Amino acid sequence: MLWVIILVCVVALFNLFQGASPRNNARELAFSEFRASVERNEVQEVTIQGSNILGQLKSGSEFRTYAPDDPSLVPDLLSNGVVVKAAPQNSNEFSIWSVLISWFPMLLIVGVWIFFMR
């Protein structure tokens, strides 16, 4: 029974880590290249999440970049016809601490159960 519980926990953790991967196919783009692409009307849409920008070019390729604090960025994007979306800063962020906190009660119960079984 103990091996079944361990196996289930390992499979659950594997699935948890697999689901947390962000866009892997997006290429890293320098901020200056991003601004030049916006000026050339090559950018179709962007999602701004804090200082991170994820977007799609009109050619269909995806990109990501890090934006400094630039108050003229959003007006420039809108004036060039870019679809701008905003997302909360921590919505897709993955942390090992969040996993430990959410799994701690279950691990504590399993640990106590194993202790009593011995």
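Predicted model: local features only at pLDDT ≥ 70, side-chain atom pairs only at ≥ 80, totals over all residues.

Reader: What makes Leu-77 count as buried?

Author: Leu-77 has a relative accessibility of 1%, and buried means under 20%; Leu-77 therefore counts as buried. Leu-77 lies in helix α3.

Reader: Which residues is Leu-77 in contact with, leaving aside its neighbours within four places in sequence?

Author: They are Phe-34, Val-38, Val-46, Ile-48, Val-82 and Val-84. Contact here requires heavy atoms within 4.5 Å.

Reader: Which residues have the most contacts inside the largest nonpolar core?

Author: That core has 14 residues, and those with the most contacts inside it are Phe-34, Val-43, Val-46, Ile-53, Phe-63, Leu-73 and Leu-77. At least two residues each come from α2 (31–39), β2, β3 and α3 (73–79). Membership requires buried residues of the listed nonpolar types, joined through side-chain atoms within 4.5 Å. In soluble globular proteins, nonpolar side chains tend to be buried together.

Reader: What is Val-46 in contact with, beyond its neighbours within four places in sequence?

Author: Val-46 is in contact with Phe-34, Ile-53, Leu-54, Gly-55, Phe-63, Leu-77, Val-82, Val-83, Val-84 and Lys-85.

Reader: How do you know that β2 and β3 are paired strands?

Author: Pairing requires at least two bridges, and six bridges join β2 (residues 43–49) to β3 (residues 52–57); the two are therefore paired. They run antiparallel, and Ile-48 stands opposite Ile-53 in β3.

Reader: Why are β1 and β5 said to stand at the edges of the sheet?

Author: The open sheet has five strands in the order β1-β4-β3-β2-β5, with mixed pairing. β1 (27–28) and β5 (83–86) each have a single partner strand, so one side of each is left without a neighbour in the sheet.

Reader: What classes of residue make up the lining of the second largest pocket?

Author: The lining has eleven nonpolar, no polar and no charged residues. Cys-9, Leu-13, Leu-100, Trp-103 and Leu-107 are the closest to the centre of this pocket, in which about 150 Å³ of space lies. The elements giving two or more residues to the lining are α1 (2–18) and α4 (96–117), and α4 gives the most, with six residues.

Note on methods. Residues numbered from 1 in each chain as written. Heavy atoms only, no water. Helix = DSSP H or I, 4+ residues; strand = E, 2+ residues; numbered from the N terminus. Buried < 20%, exposed > 50% of the residue type's maximum accessible area, 1.4 Å probe, protein only. 1 Å grid on protein atoms, 1.4 Å probe; cavity = no way out; pocket = protein on both sides within 12 Å on 5 of 7 lines; lining within 4 Å. Points joined across faces, edges and corners; volume = space filled by probe spheres on them. Nonpolar A, V, L, I, M, F, W, Y, C, P; charged D, E, K, R; others polar.
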